Amino acid sequence: MKLAVWSPLPPSPSGIADYVAEQLGPLSRRCDVRVVVEDPAAVAPAAAHGLPLVRADDPGEADLDLYHLGNSASHAYVYRAALARPGVAVLHDYSLHHLVLGETVERGDRTGYLDEMRRAHGEAGTFVGRQVARALGGDLLPALFPLNDRVLDSCLAVVGLTRYVVSRAAVRLRERPVLHLPHHVALPLHPVPSRDEARRALGLPAHALILTAPGLATASKRLDVALRVAGRLAARHHSLRFVVAGDRDARLPLVEWARAAGLGGGLVVTGRLGLDDFVRHLAAADVIVALRFPTHGEISGALVRALGVGRPALVTAGTPSADEFPEGCVIPVTPGVTEEAELEAILSRLLADEALRETIGRLARAHVTAHHDLASTVARLASFLEEVRGGKDALVAEVERRRASEGSLLGYLRDEVRWAARDLGLADTPPEIETVLAGLLRGTP
Amino acid sequence: MRVQFRGRDEKGSTVLSDDRERVAEELRRIREAVRDRALVERRPEDVLGQAPAVRVAEAAPPPPSAGEVAPPPPRPDAAGVNALWDVRGASGPRGLKGTLARLVRRFMAPAVDAQVSFNARQVQLDNELLAYIDARLEATHRHYDAVLGGYGRHLEDIDKRHLILQEELVAHIHDLVKRIDLVLSESERGRLSLEFALRDLRARLEQRPR
């Protein structure tokens, strides 16, 4: 099967680029793969595994297109292609709100954004869209209005990395296939260094207690709460260090938070790391802090790696990061009013009990080794793609039927009725609704 | 709908290891202990922070008074017209002509004297009228300059207040957005927590012997 994989590749800052680069090698042993990128010259040579790189504006023909979609501007070209050439969408995030916002409002097309919000989310979408378009939407609303409607309508099948994505996509796709593909674990260092080795390599104190927040530090990672708790715990554990292993959003006042929490010099912010050092930081940690709220349906690749390294990880309960793993392999912290107190109690317990930390780490490593192995997840993906390819003609016909009236008055009416149906709790409108609407437009019942 | 799940069914059907059960139970105990002593009622300002102070413009000073209108200059005094300018002393020709002229002047003296006197007073009156008009215009200009200057300063003050109002409005709208976002987040986090607690409870109930 000729497979066109659409995704940015390293050194793109998107975590999805690393994910795809890791998958390409095993996938190319099962399919005839070429990778579609915006600029082949910008791709790190090792990331492509010697596979052909083609430009997005001249992708050529393929038996199947595989679109890796994430909620960021670096996936904009993938999004545009996914709408134009139906293929299999890998939804790394369920919400594509920021991506669509970038494609519309940030390019001066406010009306286009409001149209999309109306189409996807009805009256509430229009109301919220006006707020968001004026930059008055806050952080949570984009997560609650995923704005992925157009992609779900246009794709032949969906691959989701979390049950959160898969369960929601399945309701929308009805007759089209959906695959739950656990996020694979891939560790570039063999063997993974021990805690002591990693600390020596990174220059971290050998006997300190280290809490590590891996990946890009953003507002959604609850670092304000985590630093407050770390500050209080540092009064009892003088060697405590809080390491932010990755780059940070410049708007986050991490140093001020740490100072206010009394952590002061106990905060270490590494800046962007290469994959090897990133894994060393995971190995050097005693506990991983991987809280996240709000969620866009994503699972953190950093979290999966941390579990693969065998470190206990704190995650936000009720989010995909918690739901993808059995309790005991990860440590859920409920995000409600007790979040801070719970985080403090759990961390206090973990820091005081090395054996407990080791047990949880061992359980985590065993779980991801059994269920998130790269070779088996890629094999599963390849089988799924073969299955989709086998039914491609029927799937394309179904997508074409759904999109036939797009841009017409009939299409507009269908979108309005479809939203009304969803508002009533229905998954979609029956196909015959278009006949009824067409009759109404002709003036006949 | 064809959905291929991996993990959940296996997860549900897999017999939990003793270790994992023990860890999960331990974590559950910690959470419940926290929940039992948690102060669910929180003061709004603990969550929302203090509302930003509202910047209020100082009371605008009253527009400056235009001042008392200066009294108009006194009207020209008509009595002065009667204080005649005497030109009768002007010298005439000499000899016979002079004699004749003196005779004529003597004969015409009353009329000439009156005319000269009138002319002189007319000139004087004209000068006084010009002075009056100059003074009057200057006073009028001074008065309206003061009035316009006062209102100009007042309008400037209004502009300043509008600018403050605009900045305050923008700041408060943004603050409001943050607060709405926070309230929404609190409720969404509460929802996730409750769902998690319910799921946990359901799982424990299922494990109990029937």
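Biologist: How does H9(A) pass H10(A), in a left-handed or a right-handed crossing?
Modeller: This is a predicted model. In it, H9(A) passes H10(A) in a right-handed crossing.

Biologist: At what angle do H9(A) and H10(A) pack, and how far apart are their axes?
Modeller: Two packed helices are described by an angle between axes and a distance between axes. Here H9(A) and helix H10 (residues 254-261) of chain A pack at about 30°, and their axes are 8 Å apart. Angles under 35 degrees count as roughly parallel. H9(A) and H10(A) are therefore roughly parallel to each other.

Biologist: Which residues in H9(A) and H10(A) meet?
Modeller: From H9(A), they include A:Leu223, A:Leu227 and A:Gly231. From H10(A), A:Leu254, A:Trp257, A:Ala258 and A:Ala261 take part.

Biologist: Which strands does H9 of chain A lie across?
Modeller: Helix H9 (residues 223-234) of chain A lies across E8, E9 and strand E11 (287-290) of chain A. H9 runs at about 175° to E8(A). Helix H14 (residues 339-352) of chain A also packs on the sheet. H14 touches E11, strand E12 (313-316) and E13 of chain A. The direction of H14 makes about 155° with that of E13(A).

Biologist: What is the order of the strands in the open sheet of chain A?
Modeller: Strands of a sheet pair through backbone hydrogen bonds, either parallel or antiparallel. In this case the pairing is parallel, and the 6 strands have the order E10-E9-E8-E11-E12-E13. Strand E10 (267-269) and strand E13 (331-333) of chain A are the edges, each pairing on one side only. From one strand to the next, the twist averages 25°.

Biologist: How many bridges join E8 to E9 in chain A?
Modeller: There are 5 bridges between strand E8 (residues 210-214) and strand E9 (residues 241-245) of chain A. To find one, look at A:Thr212: its bridge partner in E9(A) is A:Val243.

Biologist: Now H1 of chain A. Which of its residues are buried?
Modeller: An α-helix has 3.6 residues a turn, so residues three or four places apart point the same way. In H1(A), the buried residues include A:Ile16, A:Val20, A:Gln23 and A:Leu27. Among the elements covering the buried residues of H1(A) are strand E1 (2-6), strand E2 (32-37) and helix H16 (374-390) of chain A. Helix H1 (residues 15-28) has 14 residues and reaches 20 Å from first C-alpha to last, close to the 20 Å expected.

Biologist: And what pattern does chain B follow along the sequence?
Modeller: Chain B reads β-α-α-α-α. That comes to 4 helices and 1 strand. Of the 210 residues in chain B, 5% are buried.

Technical notes:
Residues numbered from 1 in each chain as written. Chains lettered and ligands numbered in written order. Predicted model: local features only at pLDDT ≥ 70, side-chain atom pairs only at ≥ 80, totals over all residues. Helix = DSSP H or I, 4+ residues; strand = E, 2+ residues; numbered from the N terminus. Expected span 1.5 Å × (residues − 1). Buried ≥ 20, exposed ≤ 12 C-beta atoms within 10 Å, placed from the backbone. Contact = placed C-beta atoms within 7 Å. Pairing = 2+ DSSP bridges. Axes fitted to C-alpha atoms, helices over the stretch in contact; angles between N-to-C directions. Parallel < 35°, antiparallel > 145°, perpendicular 65-115°, else oblique. Left-handed = near helix turned anticlockwise from the far one by under 90°.
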